[in-house]
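Biologist: I am new to this entry and would like to learn how its features are read. Could you take me through them one by one?

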Amino acid sequence: MKRLLIVFAVALALGGCAKEMQNLSSAISAAQNFKITQGQLDIARSNYDGFVLAPLRKYAQLPRCKTSQSFTLNNPCHDRKLLKQIRAVDIQVDKAFVDTQNRIISSDDKGAVAAYNSLMNLIDIAKALINQTGVTLLGGN
Amino acid sequence: MDPVTIMADIALAVKLAKMAYDTGKDMYPYVKTAYEIMFKNKVLTAEERDAMTKQEQLWRSEIDTIIAEDDAATD
């Protein structure tokens with residue numbers, strides 16, 4: 001099963017399907033849910049930095065939207081409430097990464113799996129929010 | 001279409017292309033790293049993880065500065 005997933009992942013990666021790569025990464029991780037490896041955490045972190053944190057920074061750098069204005073390609077701007085909301089989730093994601101990392105270091109396999117699952121849930125929330133920004137239209141996921 | 005509209009459209013397209021390029025440029029190293037770990041058995045060194053942490057801290061501090069500016073703004 002794992003081999004089949006990897007072959008499928010390679011095929012998609014060669015096609016440049018970044019989003020599918022992320023989904024497959026999660027699927028492979030789930031298939032190995034008895035233990036979280038340092039590699040799995042590094043993949044999650046690289047994906048998070050690339051697909052959430054980098055676009056979030058770009059979004060923040062856009063001018064602030066005026067009242068009743070929202071992001072359009074013609075007039076890109078950041079919504080202060082949405083930015084704050086995503087950053088609040090990002091703080092939790094950051095803590096969850098540290099928590100998972102500490103559990104991997106201390107060989108707490110069961111704790112690492114639980115922490116990693118919480119981390120994945122938080123990342124899903126962050127991704128859903130970053131998709132609302134519109135900045136992902138400009139090269140994001 | 002008059003020349004002014006055409007020029008405005010071209011200017012917008014260039015602006016969007018620049019934004020897409022800048023966003024992609026920031027994302028690319030991380031997506032590449034994830035790909036290499038997944039498919040090329042790359043193992044991150046402690047230095048590489050430290051570099052990631054420093055980059056994350058820098059970006060988060062930039063975002064926090066902007067949020068603080070937003071909070072202080074009255075518009």
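Biologist: How many Å separate the centres of domain 1 of chain B and domain 2 of chain B?

Modeller: Taken over C-alpha atoms, the two centres are 21 Å apart, where domain bounds come from an automatic or database domain assignment. For chain B that assignment gives domain 1 as 1-43 and domain 2 as 44-75. This is a predicted model, in which local features need pLDDT of at least 70 and side-chain atom pairs count only at pLDDT 80 or more, while totals for chains, interfaces and linings use all residues. Residues are numbered from 1 along each chain as its sequence is written, and chains are lettered from A in the order in which they are written.

Biologist: Which residues touch the most other members of the largest nonpolar core?

Modeller: In soluble globular proteins, nonpolar side chains tend to be buried together. Here a core is a set of buried Ala, Val, Leu, Ile, Met, Phe, Trp, Tyr and Cys residues joined through C-beta atoms within 7 Å, buried meaning that 20 or more other C-beta atoms lie within 10 Å of a residue's own, with C-beta atoms placed from the backbone. The largest has 36 residues, and A:Leu56, A:Val93, A:Leu119 and A:Ala126 touch the most other members. H3(A), a helix in the DSSP sense (a run of H or I, at least four residues), gives the most to this core, with eleven residues.

Biologist: What is A:Leu119 in contact with, leaving aside its neighbours within four places in sequence?

Modeller: With contact taken as C-beta atoms, placed from the backbone, within 7 Å, the partners of A:Leu119 are A:Ala44, A:Val93, A:Ala96, A:Phe97 and A:Thr100.

Biologist: How many residues does each chain bring to the contact between chains A and B?

Modeller: Chain A brings 33 residues and chain B 29 residues, and H3(A) supplies the largest share of chain A's side, 16 residues.

Conventions. Two residues are in contact if their C-beta atoms, placed from the backbone, lie within 7 Å. Helices (H or I, at least four residues) and strands (E, at least two) are DSSP runs, numbered from the N terminus. A residue is buried if 20 or more other C-beta atoms lie within 10 Å of its own, exposed if 12 or fewer, and partly exposed in between; C-beta atoms are placed from the backbone.
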